[in-house]
Amino acid sequence: MDIEMEVEESPTTTTATTSTTSASFKRLGMKNSIQTNFGDDYVFQIDSSQENSTLAVSLSTNAIKFYSPVTGQYFGECNGHSGPINQISFSDSSSPNVLQSCSSDGTIRFWDIRTFNQVSLFKAGSSQEVFSFSLGGPTNSLLAAGCKSEVLIFFWDRRNGKQVACLEESHMEDVTQVHFAPDHQNKLISASVDGLICIFDTEGNISDDDHLESVMNVGTSIGRVGFFGEMNQKLWCLTHIETLSIWDWKDGRNEANFQDARSLASDSWTLDHVDYFVDCHYSAADDRLWVIGGTNAGTLGYFPVNYKGANAIGSPEAVLEGGHSGIVRSVLPMSSIRGGPSQGRGIFGWTGGEDGRLCCWLSDEFSETKRSWISSALVMKSPKTRNKRHHPY
């Protein structure tokens with residue numbers, strides 16, 4: 001396989017801006033991009049290992065490829081999934097060289113990124129799709145999976161690979177998210193197309209009847225949830241109709257609703273209308289939450305969320321413009337990568353999208369560096385197949 005990269009000077013200036021107020025901006029630059037040249041193939045998700053300098057990228061070719069987050073150097077790839085990859089994660093801190101992935105092929109696979117070989121396989125069934133997974137439980141030995149069809153949540157003991165439980169009644173439709181709660185590893189949070197967020201206690205023999213602790217009703221199909229706040233007691237929730245809500249999952253209490261989140265974000269800048277939300281980002285040091293919104297043309301904004309008192313979405317404090325030409329699927333801040341900005345020489349973060357590009361963004365003091373890495377090895381597409389748009393989960 002050809003894995004050489006051609007390095008070219010970027011012909012255009014591609015910038016991002018940051019601000020502490022809507023009127024004060026600092027200039028950022030796009031350091032480099034890794035671009036595919038295969039039309040419809042694109043980037044699903046980016047993740048990084050906390051213990052080694054490796055960027056994992058899932059692609060619409062059902063492959064996972066690995067790069068240096070600092071230089072963009074290609075390391076290798078993992079192949080094995082026969083359906084779209086819905087999540088990748090370096091979830092196990094005790095095994096930093098193992099990446100986990102789940103797919104619409106009904107499997108969860110563990111990969112050793114040193115050899116790019118599969119080391120574990122968990123099967124939910126040939127008729128199943130696995131949309132999300134999480135590692136945790138009372139002894140940190142459980143693997144939970146959110147699925148579709150009749151059995152909506154599976155549990156395995158990942159030490160021996162045996163299925164230990166399944167939940168069929170708590171949700172009525174596809175489970176799009178499962179997360180063991182940080183600092184409360186026996187608690188599992190699930191979210192579904194049915195609009196419900198469920199909290200389970202995974203101590204003992206897990207069942208719908210005895211282990212469902214509480215239910216929060218968001219009221220519409222849920223796309224993503226995430227933990228934040230002191231002791232991770234709060235949840236942010238993004239829906240498939242682009243609304244945002246804030247919850248205290250311990251109390252089961254709704255703290256804020258932003259039904260018009262897109263309009264609020266759009267009104268806070270002078271660029272195109274915000275078409276979708278990619279993710280949320282939380283800074284524990286500052287106790288601040290941002291929602292990351294994007295346009296169909298590929299511009300991103302970090303919009304601060306005020307959920308205490310008067311609910312508001314403020315003017316963007318970072319704008320990443322010009323790197324992408326289509327919908328952005330994944331944002332990975334450099335703070336998520338081992339060594340952070342000090343190792344990354346001013347790197348703000350990485351983004352990936354439906355235009356098949358990985359873009360690396362620099363902070364303002366390094367913005368004079370602008371290069372493009374163009375790699376024909378990022379994806380490999382069969383000339384006989386045409387990739388359909390991936391399921392929105």
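**Figure 1. Salt bridges across the predicted model.** The whole structure holds 16 salt bridges. A salt bridge here is a side-chain nitrogen of Lys or Arg within 4 Å of a carboxyl oxygen of Asp or Glu. This is a predicted model, so local features need pLDDT of at least 70 and side-chain atom pairs count only at pLDDT 80 or more, while totals for chains, interfaces and linings use all residues. Residues are numbered from 1 along each chain as its sequence is written, and side-chain values use heavy atoms, with hydrogens and water left out. Five residues share one network of salt bridges: Lys-234, Asp-248, Asp-251, Arg-253 and Glu-255.

**Figure 2. Two Asp–Arg pairs.** Asp-112 forms a salt bridge with Arg-114. Their closest N and O atoms are 2.9 Å apart. Is Asp-112 buried or exposed? Asp-112 is buried, at 12% relative accessible area. Buried means under 20% relative accessible area, exposed means over 50%, and partly exposed lies in between (1.4 Å probe, protein chains only). Asp-157 is buried at 11%. Arg-159 is exposed at 63%.

**Figure 3. A salt bridge between two strands.** The side chains of Lys-187 and Asp-201 meet at 3.5 Å, N to O. Lys-187 lies in strand E17 (residues 184-192) and Asp-201 in strand E18 (residues 196-201), so the pair ties together parts that are 14 residues apart in sequence. Strands are DSSP runs of E, at least two residues long, and helices are runs of H or I, at least four residues long; both are numbered from the N terminus. Lys-187 is buried at 15% relative accessibility. Asp-201 is buried too, at 17%.

**Figure 4. An open sheet of four strands.** The order is E12-E13-E14-E15, and the pairing is antiparallel. Two strands pair if DSSP finds at least two bridges between them. Which strands stand at the edges? They are E12 (130-136) and E15 (162-167). Each has a single partner strand, so one side of each is left without a neighbour in the sheet. Neighbouring strands are turned by 20° against each other on average, direction ignored. The angle is taken between axes, which are lines fitted to C-alpha atoms (for helices over the stretch in contact), and angles run from 0 to 180 degrees between N-to-C directions. Six bridges join E12 to E13 (residues 142-147). Gly-136 stands opposite Leu-142 in E13.

Figure 5. Six bridges join E20 to E21, and the two run antiparallel. Arg-224 has Leu-238 in E21 as its bridge partner. Five residues lie between the strands of this hairpin. There, Gly-229 takes a positive phi near 90°.

**Figure 6. Strand E25 between two partners.** E25 (residues 288-294) is mostly covered, with six of its seven residues buried. Seven bridges join strand E24 (residues 276-283) to E25, and these strands run antiparallel. Cys-280 has Val-291 in E25 as its bridge partner. The hairpin of E24 and E25 has four residues between the strands, and Asp-287 takes a positive phi near 50°. Six bridges join E25 to strand E26 (residues 300-306), again antiparallel. Trp-290 stands opposite Pro-304 in E26. The hairpin of E25 and E26 has five residues between its strands. Gly-298 in this turn has a positive phi of about 105°.

**Figure 7. Two nonpolar cores.** A nonpolar core is a set of buried Ala, Val, Leu, Ile, Met, Phe, Trp, Tyr and Cys residues joined through side-chain atoms within 4.5 Å. The largest has 20 residues. Which of them touch the most other members? They are Trp-236, Leu-244, Ile-246, Phe-258 and Val-291. Strands E21 (234-239), E22 (244-248) and E23 (253-258), helix H2 (261-267), and E24, E25 and E26 each supply at least two residues. Leaving aside neighbours within four places in sequence, the contacts of Leu-244 (heavy atoms within 4.5 Å) include Trp-236, Phe-258, Cys-280, Val-291 and Val-305. A second, separate core has 15 residues, among them Ile-108, Val-130, Leu-135 and Trp-156.

Figure 8. A disulfide is a pair of cysteine sulfur atoms within 2.5 Å. The count is zero. Cys-78 is buried, at 1% relative accessible area. Cys-198 is buried at 0%.
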